[in-house]
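Trainee: I would like to go through some of the labels used for this structure and check what each one rests on.

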Amino acid sequence: MSKHIVVDPITRIEGHLRIEAVIDDNNTIVDAYSASTMFRGIETILQGRDPRDCGLLAMRICGVCTGTHYQRSIEAVEDAFKITIPKNARLVRNLIQGALYVHDHVVHFYHLHALDFVDVVSALSADPAKTAAEARKWAGVAGVSPFIDGESQFKEIQDRVAKFVKQGRLGIFGNGYWGNPHYKLTPEQNLIGVAHYLIALDVQRDMAKMQAILGGKNPHPQSIVVGGVTCVQDIQNPARLALFKSLLLEGTKFVKQAYLPDVYMAGTMYAGEATDSKATFSELVGGKGVGGTGGGLLNFMSYGDFRLDDTGFYKSALLFPKGVVMGGDISKVLPLDEEKIMEDVTHAWYKGDKPLHPYEGETIPEYTGLDRRENGDAYLKTKEKYSWIKSPIYNDARVEVGPLARMVIGVAAKDARITKYVTNFLTRGNLPVTVLFSTIGRTAARAIETELMSDVMVEWIDELAKNVLAGDKSTWTEFDFDAVSVSAKGRGMAEAPRGALGHWVRIEGGKVANYQAIVPSTWNAAPRDHKNRMGAYEASLIGTKVANPEQPLEIIRTIHSFDPCIACAVHVVDTKGKELAVYKVDTSCSI
C-alpha cells in the first residue's frame, strides 16, 4: 500500500512551499508534487509605471535576494534603452552582487540547511577534546587551519546548548527530527556543526555590511539606477573601500576555515547516498551522468553573470559562463538560446492555454482550490492546477538552475577558474565527480562557488580602488529618456544566488506595457507542465528512501539543497475572489 505524505509548510526557507509525496511499501518516493501557496503579482503592479522606477519596486519581490531583483530589473531597462554603464558602475554592481552571494550561501548552509545533517541533541554527548581533533582533521582536508579548534571553545558551546535543553528552551532547535536514523554525523561532528552554526550568526551580520557599504543599506539596497550607480562618495573614499575589503577578508576566512571543511565532512559522511549511480569519472566525462539521491533532472541552465570587461552587458566575458548541459553530459555545453524560454500554466493557478515567451507573458490569477478528502485532509488537485508557480520550459525541456548548474556548466565549458575550484574540491575530498549529481553535490557546489566568489571579489575591490585612484570618477551614463522610451523592450538575464533570473519589460510611450519575471525558484519549484513533466524539486525526490514517513527528513534535506526562495510577492488572494485590501505605491524617479 502506498502512503501519501504532506509536508506543509516547508520551514527554513523564504516563502510558502508545500510538498506532497507518494511512497511505496519500501518507503521509497515514487511520485512527488511541489506547490507554492503564495500568489505573485508584481508584474501587474509594474504595468503603467515609469520604467526607471521598476527596480525599486521589483526588488520588493523578496527580502532575501533583493539586490538581485533590483539589478536585473535595472538591466532590463538599460537593455531596452541600449545603455552601457561605466567601468566603476560595473565593478560596484559586481561587488554588491558578490557580497549577496557570499552572505546568502553562508546563511543558507548554516541556518537553513545544516540541521538536515546536524543532530543538535547528539552534539550534547560529544567529547570536546575529540571534537577539536575532528575539526583539525576536516580543516586539513581543506588545506587550512580550523576556524576554531580549542577544546574549551567547544565545551563552552556544548554547555550553552545543554543549558537550553535542560530548561526546555531549545527554541529554533526545538522541533527537529533528532535521533532519525538518516542523521549520519558522529556526536563530535555534530558539535562542530552546532558551533559553526552559532558563530555564523555573527559572521553573516558582518557579511551583510559589505552590501550596505556600496548599496546604501541591506536589505533593499538603493544605489543602482538606470545608467549606473549613485555611490560616488563611497567609491572615492579609500576608507570605505578598505572597510569593504577588510570585511571581505574576514568573511573569506570563515568560508575557507569553517564552511568548506564542514561540507567536506558532510559530503564524506553522506557520499554513499550521493554516488548511488556507481558511475566512474571517465564514464561521466565521456557521456551522461547518473544522479545519486536527489539528482533529479540532470538538465542544467545558466544565463551567465558577473561581467569581466566593459564591452556591453551581453557581449562581455563572464565569470559564470552561460549555456545548457543536458542529461548530465559534462563533455559539452550547449549555447543558450533565450528565444526558447517559455512559461506554461497548465498546472498553475493562472489563466492561459499555451506556453508563452516572457515578452508576451500573462499573469492572470485563476485559483481552483484544493481537493477535500473524506478524512478532512486537504490535498493538491495534482491532475489539474495546484501551484501559484508557473512552469518554465527551455527548448521543450525542464531544467534545473542554481550553483550546481553554474559549476556543471563551467566545467563543461572548460572554464579555467571554475574547473580549478571544482577539481580542487573533489580532489581534496577524495570525492568522485558523481557526487555533484545529488543532494550532497548541490550543497557542495554552493560551497565551491562561495570560495570562488570570495576570492574573485578581492580582485574586483582592488580593481575599483586602482581605477578611481587613476582618476576615473565616472559612475553614470547619460541618456535621453524621452527619446529612448517611445517604444522599446529589454531583458535583464543573469544569475541570482539561487540560479537563472530574468526580468523582461516592454515599454510604450515612456510607460511599462508588460513586465514578467522568472525567478530561480520558478524554474526549480515549478509544478508539472503541459506534457505532465516534473519540475526540478519534484524530480529530485523520486527514488529517495524515507527512514520514517512521520519524520520526512530526507524530503526536507533535498528540497533545502536548492535553497528555496518562494516569496515572490507579498499579496494575499481570498479563495472566494474577495478583495482583501488595496495599497497604492506612488514612487517618483529621482533622476
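Mentor: Start with Arg18, which sits in strand β2, residues 17-23. Keep in mind that this is a predicted model.

Trainee: Why is Arg18 called buried?

Mentor: Its relative accessible area is 6%. Buried means under 20%, so Arg18 is classed as buried.

Trainee: What makes Arg18 and Ala378 a polar contact?

Mentor: A polar atom of the Arg18 side chain lies 2.5 Å from the backbone oxygen of Ala378. The cut-off is 3.5 Å, so the distance meets it. Arg18 also touches other residues, including Asp8, Tyr33, Leu370 and Tyr379.

Trainee: Why is β2 described as largely enclosed by the rest of the structure?

Mentor: Because 7 of its 7 residues are buried. The burial covers both faces of β2: Leu17, Ile19, Ala21 and Ile23 lie on one side, with Arg18, Glu20 and Val22 on the other. In a regular strand, side chains alternate between the two faces of the sheet.

Trainee: How do you know that β1 and β2 are paired?

Mentor: Pairing needs at least two bridges. Strand β1, residues 3-7, is joined to β2 by 5 bridges, so the two count as paired, and they run antiparallel. One of the bridges has Val7 partnered with Ile19 of β2.

Trainee: What makes β2 and β3 a pair?

Mentor: They are joined by 7 bridges, against the required two, so they pair as well. Strand β3 spans residues 29-36 and runs antiparallel to β2. Here Ile19 has Ser34 as its bridge partner in β3. The hairpin of β2 and β3 has 5 residues between the strands, and Asn27 takes a positive phi near 60 degrees in that hairpin.

Terms used:
Residues are numbered from 1 along each chain as its sequence is written. This is a predicted model: local features need pLDDT of at least 70, side-chain atom pairs count only at pLDDT 80 or more; totals for chains, interfaces and linings use all residues. Side-chain values use heavy atoms; hydrogens and water are left out. Helices (H or I, at least four residues) and strands (E, at least two) are DSSP runs, numbered from the N terminus. Buried means under 20% relative accessible area, exposed over 50%, partly exposed in between (1.4 Å probe, protein chains only). A polar contact is a pair of N or O atoms within 3.5 Å; within protein, one must be able to donate a hydrogen and the other to accept it, and residues adjacent in sequence count only if both atoms are side-chain atoms. Contact means heavy atoms within 4.5 Å. Lists of a residue's contacts leave out its neighbours within four places in sequence.
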